[in-house]
Amino acid sequence: MGTPDKIESFKIDHDLLEPGFYISRIDGNIITYDLRTRKPNTGAYMDNLTMHSVEHMFATFVRSSEIRDDVVYFGPMGCQTGFYLLVKDRTPEEVFRCTRTVIDQILAYEGEVFGASRKECGNYKNLSLAAAKAEMRNYGKILSEWEDMTFAYKQ
């Protein structure tokens, strides 16, 4: 058995990658978006509490949004520097706008983190609305200044 092909995300020089909103890959009508909240390889990684909390909040709001029927997946990157959002049949501009709206919804939300019960989550005590808001507040600032609507990685 030979060496497997290098996957596309490993072909991006992560030392050059800045926080932002990128198209990671396109598979037919499904686009994988790289919601990069932090600069890789700097030591400033999200802790599990933050990743888990954003996952609960963002996934709930995006699956209740105008693109809800086209959301395939939302979840954290293993490298702890962002999230993947997979969406079918929507333009990148629509998904970018929706992402900005979801961030605003998270920041405006008051109450318990969605799914914060033993019956709804396998680690329900490891959730914090404050942590989710802090991460999304920083990411929202990045996206408010985002100008590259090609959403391409810069290498």
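## Lys133 in helix α3

K133 is found in helix α3 of this predicted model. K133 has a relative accessible area of 10% and therefore counts as buried, the limit being under 20%. Beyond residues up to four places away in sequence, K133 touches I106, L107, A108, Y109 and E110.

## Packing of α2 against α3

Two packed helices are described by the angle between their axes and the distance between the axes. Helix α2 spans residues 92–108 and helix α3 spans residues 129–144. The angle between them is about 140°, and their axes are 9 Å apart. The crossing of α2 and α3 is left-handed.

## The sheet

Strands of a sheet pair through backbone hydrogen bonds, either parallel or antiparallel. Here four strands form an open sheet in the order β1-β2-β4-β3, and the pairing is antiparallel. The edge positions are taken by β1 (20–27) and β3; each has a single partner strand, so one side of each lacks a neighbour in the sheet. From one strand to the next, the twist averages 15°.

The antiparallel pairing of β3 with β4 runs over five bridges. Within this pair, G75 has Y84 in β4 as its bridge partner.

## Helices on the sheet

Helix α2 packs on the sheet and touches β1, β2 (30–36) and β4. The direction of α2 makes about 135° with that of β1. Helix α3 lies across β1 and β2, and runs at about 85° to β1.

## Thr81 between β3 and β4

T81 lies in the loop that links β3 (71–76) to β4 (82–88). Its relative accessibility is 1%, so T81 counts as buried.

Which residues does T81 contact, leaving aside its neighbours within four places in sequence? They are L35, R36, T37, R38, K39, P40, Y45 and M46. For one of these, T37, the C-alpha atom is separated from that of T81 by 5.9 Å, although the two residues are 44 residues apart along the chain.

Methods
Residues numbered from 1 in each chain as written. Predicted model: local features only at pLDDT ≥ 70, side-chain atom pairs only at ≥ 80, totals over all residues. Heavy atoms only, no water. Axes fitted to C-alpha atoms, helices over the stretch in contact; angles between N-to-C directions. Helix = DSSP H or I, 4+ residues; strand = E, 2+ residues; numbered from the N terminus. Left-handed = near helix turned anticlockwise from the far one by under 90°. Buried < 20%, exposed > 50% of the residue type's maximum accessible area, 1.4 Å probe, protein only. Contact = heavy atoms within 4.5 Å. Pairing = 2+ DSSP bridges.
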